[in-house]
Amino acid sequence: MKMSRQFPLNALRVFDAAARHLSFTKAGEELGMTQTAVSYQVKLLEENIGEPLFLRMARQVSLTEAGEKLAPKVADAFNTLREAVDSVRDAPDATLTIHSTATFASRWLSRHLGAFQLEHPSIAVRLETSGALIDFNQSDCDVAIRWSRDDVRGLTYHRLLRGVYTPMLHPDLAQSIGGLKQPEDLLRLRIIDPGDVWWSQWFREVGIENPNLERYPRSRLSVQAFEAAAAIAGQGVAMLTPELYADEIALGRLYQPFEHLSSEGKNYWLVYPENRRNIRKIKLFRDWILKRIEESRPQQPHQYPMSGA
């Protein structure tokens with residue numbers, strides 16, 4: 001009997017994609033095949049095994065009991081193969097491609113990334129930024145730094161920073177109205193991006209149900225780092241993640257007037273596919289950034305002076 005009949009590798013590869021997506025169409029998009037070709041390969045595998053692997057319904061498919069039993073084992077097998085190939089590819093001149101949000105890249109990663117390259121000079125680094133959640137199946141990125149929840153199947157998550165936010169401004173702007181004694185005092189100043197839902201959430205949580213944010217001029221800078229730059233320049237109050245601006249706080253360029261921190265359940269995460277967790281360059285970067293993040297955390301709690309008294 002031919003090896004291809006004994007071990008239908010191509011059909012197993014198609015089955016793996018179809019089982020992950022629970023869609024022949026999406027599996028075809030991942031593999032560069034038509035939906036018909038995916039269906040044909042799955043049928044070949046089912047004939048080879050002698051059991052149906054999918055229940056076919058209108059516009060969707062689901063795994064049968066046999067499919068449920070086979071899918072994780074096939075996935076593990078392909079993960080092992082990928083790791084083996086990637087370990088050979090991981091040559092001294094390997095490139096680590098990082099996808100990050102623009103704010104984390106500008107406020108933290110760009111300030112520390114040189115240290116990683118000094119520790120690992122054989123690994124070149126390429127940094128890409130955007131607010132999109134990349135699909136690792138469609139991208140050549142090795143790791144991503146996301147502002148998100150940790151709920152995507154097949155990915156490994158390591159929390160870098162808590163996803164909290166609070167109003168921040170330049171100390172001189174606070175002094176221009178005699179200091180900030182109560183959260184209501186913020187409403188006497190220009191609010192940067194008042195349409196951001198974080199503002200209404202934060203005010204609601206400190207007991208201000210109707211801050212009337214609609215009366216402020218509309219502005220949207222889209223990236224938190226840009227809003228922070230405007231706040232540092234004294235142009236208004238921005239809703240920021242304090243841990244990203246520890247240097248500016250220490251230098252007296254930004255000021256957190258109130259202790260309350262809001263959150264929408266998201267955090268900054270280091271993310272990569274589970275099946276690439278043993279790739280050397282990924283392991284080195286993971287270990288480095290988790291250690292560096294811990295070392296760079298502010299040692300002293302934020303203070304809330306400047307009451308105007």
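**Figure 1. Salt bridges across the whole model.** A search of the whole structure finds 15 salt bridges. Keep in mind as you look around that this is a predicted model.

Figure 2. Where do Arg 20 and Asp 16 lie? Both belong to helix α2, and they are four residues apart, about one turn of the helix. Arg 20 is partly exposed, with 35% relative accessibility. Asp 16 is buried, and its relative accessible area is 6%.

**Figure 3. Arg 111 meets Asp 247.** In this view, the closest N and O atoms of the salt bridge between Arg 111 and Asp 247 are 2.8 Å apart. Arg 111 sits in helix α6 (residues 102-119) and Asp 247 in helix α10 (residues 246-250), so this pair ties together parts that are 136 residues apart in sequence. Are these two residues buried or partly exposed? Arg 111 is partly exposed, at a relative accessible area of 39%, and Asp 247 is partly exposed too, at 44%.

Figure 4. The side chains of Asp 142 and Arg 276 meet in a salt bridge, with 3.0 Å from N to O. This pair links distant parts of the chain, 134 residues apart. Asp 142 is in the loop between β4 (124-129) and β5 (143-148), while Arg 276 is in the loop between β8 (262-273) and α11 (280-296). With 4% relative accessibility, Asp 142 counts as buried. Arg 276 counts as buried as well, with 17% relative accessibility.

**Figure 5. Helix α4 has a buried face.** Start with the length of helix α4, which has 15 residues (residues 35-49). At 1.5 Å a residue it should span 21 Å, and its end C-alpha atoms are 21 Å apart, which agrees. Now look at the side chains: Val 38, Gln 41, Val 42, Leu 45 and Glu 46 are buried in α4. Seen down the axis of α4, these buried residues fall within an arc of 140°, so they line one face of the helix. On the other side of α4, Thr 36 and Tyr 40 are exposed. Just after α4 comes Gly 50, which takes a positive phi of about 85°.

Figure 6. Most residues other than glycine have a negative phi. Leu 22 is not a glycine, yet it has a positive phi of about 50°. You can find Leu 22 in the loop between α2 and α3 (24-31), where it is partly exposed with a relative accessible area of 40%. Asn 212 also is not a glycine, and its phi is positive at about 55°. Asn 212 belongs to the loop between α8 (197-205) and α9 (224-232). At 36% relative accessibility, Asn 212 counts as partly exposed.

**Figure 7. A nonpolar patch on the surface.** Phe 7, Leu 9 and Leu 81 form this patch, and together they have about 290 Å² of accessible area. Phe 7 is found in the loop between α1 (3-6) and α2 (9-21). How exposed is Phe 7? Phe 7 is partly exposed, with a relative accessible area of 45%.

Figure 8. Thr 64 lies in the loop between β2 (60-63) and α5 (65-89), and it counts as buried at 12% relative accessibility. Leaving aside neighbours within four places in sequence, Thr 64 is in contact with Pro 52, Leu 53, Phe 54 and Leu 55. Thr 156, in turn, lies in strand β6 (residues 155-168). With a relative accessible area of 19%, Thr 156 is buried, since the cut-off for buried is under 20%. Not counting residues up to four places away in sequence, Thr 156 touches Leu 270, Val 271, Tyr 272 and Glu 274.

Technical notes:
Residues are numbered from 1 along each chain as its sequence is written. This is a predicted model: local features need pLDDT of at least 70, side-chain atom pairs count only at pLDDT 80 or more; totals for chains, interfaces and linings use all residues. Side-chain values use heavy atoms; hydrogens and water are left out. Helices (H or I, at least four residues) and strands (E, at least two) are DSSP runs, numbered from the N terminus. The expected span of a helix is 1.5 Å times one less than its number of residues. Buried means under 20% relative accessible area, exposed over 50%, partly exposed in between (1.4 Å probe, protein chains only). The arc is that of the directions from the helix axis to the C-beta atoms. Patches are made of residues with over 30% relative accessible area and no salt bridge: like charges are joined within 9 Å, nonpolar side chains (Val, Leu, Ile, Met, Phe, Trp, Tyr) within 5 Å. Accessible areas come from the Shrake-Rupley method with a 1.4 Å probe; for residues, only the protein chains shown count as cover. A salt bridge is a side-chain nitrogen of Lys or Arg within 4 Å of a carboxyl oxygen of Asp or Glu. Contact means heavy atoms within 4.5 Å.
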